[in-house]
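Please examine the sequence and the model shown here before reading the explanation below.

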Amino acid sequence: YSFSRITTDLRQFVDLGYDNVLAAQFYAEILDGDVPFHYLGLLGGDRRLRGFFRGRYRDKTLWTAQVEYRSPLLWRFSGVLFAATGAVAPKVAAFHTDDIKWALGGGLRLLLDEDEHINLRADIGISPEGFGIYVNASEAF
C-alpha cells in the first residue's frame, strides 16, 4: 500500500486555580493514496468522541475537538465533565455540517501515582447513538 498521513494534535491546558483545569484538544488527520481500511481515520472510542463505538465512523479525513473540565473532589478522587464534536469525510472539501457528530459525558479519576500523575479513569460518554463506558489508566488527552 502506498499512502501518506498528515496528523495535527493541538492541546491547551488552562489552570483555573484550586487544581481546576480546563483542557482542550483539536485533532485532525488527512490520508491520501491507497489507504487500507484499518488505517483510515477513526472517530469514537476512549480517546476521541467518547460515546461512539471506536471506528464507528472512519474515512480518509477526520477532525475532532473536545474540551474537559477537571476538578478535584475528595482525597485522591477528581471529576471530569467533557464535550466533543467531530466528523469524517473522504476528502477535506467533502465535509458538511450535517455530518458533524457530538458527544458529552463525565467521569471519575483516582490518582494512583502522585509522582507520575497516573490516574485510573472511568468515563461515560453519551451520544445520539447511545453511550460508552471507558476504564483506562491514562487521560483521554
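The paragraphs that follow treat the sheet, its hairpins, the pockets and the salt bridges in turn.

The model is predicted, so that local features require a pLDDT of at least 70 and side-chain atom pairs a pLDDT of 80 or more, while totals for chains, interfaces and linings use all residues. Residues are numbered from 1 along each chain as its sequence is written, and side-chain values use heavy atoms, with hydrogens and water left out.

The description begins with the sheet. Seven strands form an open sheet in the order β1-β2-β5-β6-β7-β8-β9, and their pairing is antiparallel. On average, neighbouring strands are turned by 15 degrees against each other, direction ignored. Axes here are lines fitted to C-alpha atoms, for helices over the stretch in contact, and angles run from 0 to 180 degrees between N-to-C directions. Strands are DSSP runs of E with at least two residues, and helices are runs of H or I with at least four, numbered from the N terminus. Two strands count as paired if DSSP finds at least two bridges between them. In general, strands of a sheet pair through backbone hydrogen bonds, either parallel or antiparallel.

Individual pairings can now be followed along the sheet. Strand β5 (residues 61-74) and strand β6 (residues 77-89) pair in the antiparallel sense over 13 bridges, and L62 has V88 in β6 as its bridge partner. Between β7 and β8 there are 9 bridges, again in the antiparallel sense, with D113 partnered by I118 in β8. These two strands form a hairpin with 4 residues between them, and H117 in the turn has a positive phi of about 55 degrees. The antiparallel pairing of β8 and β9 extends over 7 bridges; here S127 stands opposite G130 in β9. This second hairpin has 2 residues between its strands. Strand β8 presents two faces: N119, R121, D123, G125 and S127 form the covered one, whereas I118, L120, A122, I124 and I126 form the uncovered one.

A pocket is an open set of points on a 1 Å grid over the protein atoms alone, where a 1.4 Å probe fits, with protein on both sides within 12 Å along at least five of seven lines; lining residues have an atom within 4 Å of a point. Grid points are joined across faces, edges and corners, and a volume is the space filled by probe spheres set on the points.

The second largest pocket has a volume of about 190 Å³. Its lining consists of 13 residues, of which E29, L42, G44, R48 and R54 lie nearest the centre.

The structure also holds 10 salt bridges, each a side-chain nitrogen of Lys or Arg within 4 Å of a carboxyl oxygen of Asp or Glu. One of them joins R50 to D123, with the closest N and O atoms 2.8 Å apart. R50 lies in the loop between β3 (41-43) and β4 (57-59) and D123 in strand β8 (residues 118-127), so the pair ties together parts that are 73 residues apart in sequence. R50 is buried, at 1% relative accessible area, and D123 is likewise buried, at 3%. Buried denotes under 20% relative accessible area, exposed over 50%, and partly exposed in between (1.4 Å probe, protein chains only).

E129 and R56 form another salt bridge, at 3.1 Å between the closest N and O atoms. E129 is partly exposed at 44% relative accessibility, and R56 is partly exposed at 44%. R70 and E68 meet at 2.6 Å, N to O, and both are buried. Salt bridges that share partners join D46, R50, E68, R70, R109, R121, D123 and E139 into one network.
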